[in-house]
Amino acid sequence: MFRPHIYATYGLLWVLALEGSAVALTGTAWRPSGATWVRVVSVVLALLFLRMLDEEKDLEYDRVHHPDRPLVTGAISVVELRGAVAAITVVVAALNATQSATAVLLVLAALGYGILLAVLERLSAPVRDRQLLNLAVTYPVQLLLGVYVYGSLVAAGTVTADWHGAVLLVLCACVFLHVEFARKTAWEAEPGARLYSARIGPRRSAGVTAGFAAGAVGCQVLLFAPYGPLGLLPCLTAALPVWGTRRFLATRRGGWPLPAAMGFVVGTYLLLAVEAVLLP
């Protein structure tokens with residue numbers, strides 16, 4: 001269920017965009033270093049870790065709605081899954097121990113929050129079943145991974161913590177939440193399907209999806225407008241959510257065009273990373 005071409009690409013571009021932008025905004029030339037690749041590998045492994053936790057906590061739901069999942073079919077056991085989770089924790093901690101104690105604590109905080117969520121969803125029916133409440137409770141694990149990347153840069157003395165970091169984290173949050181809402185927005189929904197559009201309606205869900213894309217673009221303008229046209233290069237990807245919104249509302253059937261949402265994520269992060277190399 002962990003598709004490397006999706007999760008690994010997302011983790012790679014996310015770290016490069018966040019780290020590169022943070023460094024470039026200090027006026028310093030940025031190039032990926034050994035520490036960069038530690039962060040990339042740590043984030044990708046953390047995403048795998050969270051995917052594994054999701055497989056276990058969603059087991060009962062998947063028995064009904066996704067009978068082809070590996071835990072449901074018996075392709076892997078819960079014991080094997082938990083062993084892999086423990087192994088990832090050790091590897092991630094060891095990798096970050098080569099950087100700083102702060103990096104270790106920050107990445108373990110994100111993994112620990114993921115475990116806490118798995119327990120909380122098992123104990124709390126509202127957290128498990130109410131889609132928007134579930135998002136509010138589960139999203140901070142993504143925020144903690146962003147804090148890990150930025151905080152490890154601060155701990156290494158690469159950047160100094162300031163308001164740019166907060167805006168960068170908001171930008172990343174908007175990018176993630178755009179694709180999160182896009183993939184769970186559709187005109188029709190099967191009974192029991194976990195779609196935001198089933199809770200707030202297709203039009204409102206489409207509006208929220210577009211709103212998060214607009215928020216990401218607004219953060220880019222706030223951060224990079226002083227650098228001129230080159231600084232605003234990533235804003236070109238705004239054309240994708242605009243097209244996606246118009247297509248979804250015009251067709252009145254099916255789901256949000258996921259290629260547009262994924263293109264916005266990949267395009268935004270890729271252009272931010274390229275911009276970070278070119279700006280200084």
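The model is a predicted one, in which local features need pLDDT of at least 70 and side-chain atom pairs count only at pLDDT 80 or more, while totals for chains, interfaces and linings use all residues. Residues are numbered from 1 along each chain as its sequence is written, and side-chain values use heavy atoms, with hydrogens and water left out.

Along its principal axes, the C-alpha trace spans about 55 × 50 × 30 Å.

Of the 280 residues in the protein chain, 47% are buried (under 20% relative accessible area; exposed is over 50% and partly exposed lies in between, with a 1.4 Å probe and protein chains only). Among contacts with a separation of 6 or more, 71% come from residues 24 or more positions apart; a contact means heavy atoms within 4.5 Å. As for charge, the mean positions of the 21 positive and 16 negative charges are 7 Å apart. Lys and Arg count as positive and Asp and Glu as negative, leaving out His and the chain ends, and each charge is placed at NZ of Lys, CZ of Arg, CG of Asp or CD of Glu.

The structure holds eight aromatic pairs (rings of Phe, Tyr and Trp, the last by its six-membered ring, with centres within 6.5 Å; planes under 30 degrees apart are stacked, over 60 edge-to-face and the rest tilted). One of them joins tyrosine 10 and tryptophan 14 in a tilted arrangement, at 5.4 Å centre to centre and 35° between the planes. Both residues lie in helix H1 (residues 4–24), four residues apart, or about one turn of the helix. Tyrosine 10 is buried at 15% relative accessible area, and tryptophan 14 is also buried, at 4%. Another tilted pair is formed by phenylalanine 224 and tyrosine 227, with 6.3 Å between centres and 50° between planes. In this pair phenylalanine 224 is buried at 1%, whereas tyrosine 227 is partly exposed at 34%. Tyr10 and Trp14 also belong to one aromatic cluster with Tyr269.

Two loop residues complete the picture. Cysteine 235 sits in the loop between helix H12 (202–224) and helix H13 (239–251), where it is buried at 17% relative accessible area. Leaving aside residues up to four places away in sequence, cysteine 235 touches Val217, Gln220 and Val221. Alanine 214 is 21 residues from cysteine 235 in sequence and 9.7 Å from it in space, C-alpha to C-alpha. Arginine 252 lies in the loop between H13 and helix H14 (258–278). Although not a glycine, arginine 252 has a positive phi of about 55°, and it is partly exposed, with a relative accessible area of 48%.
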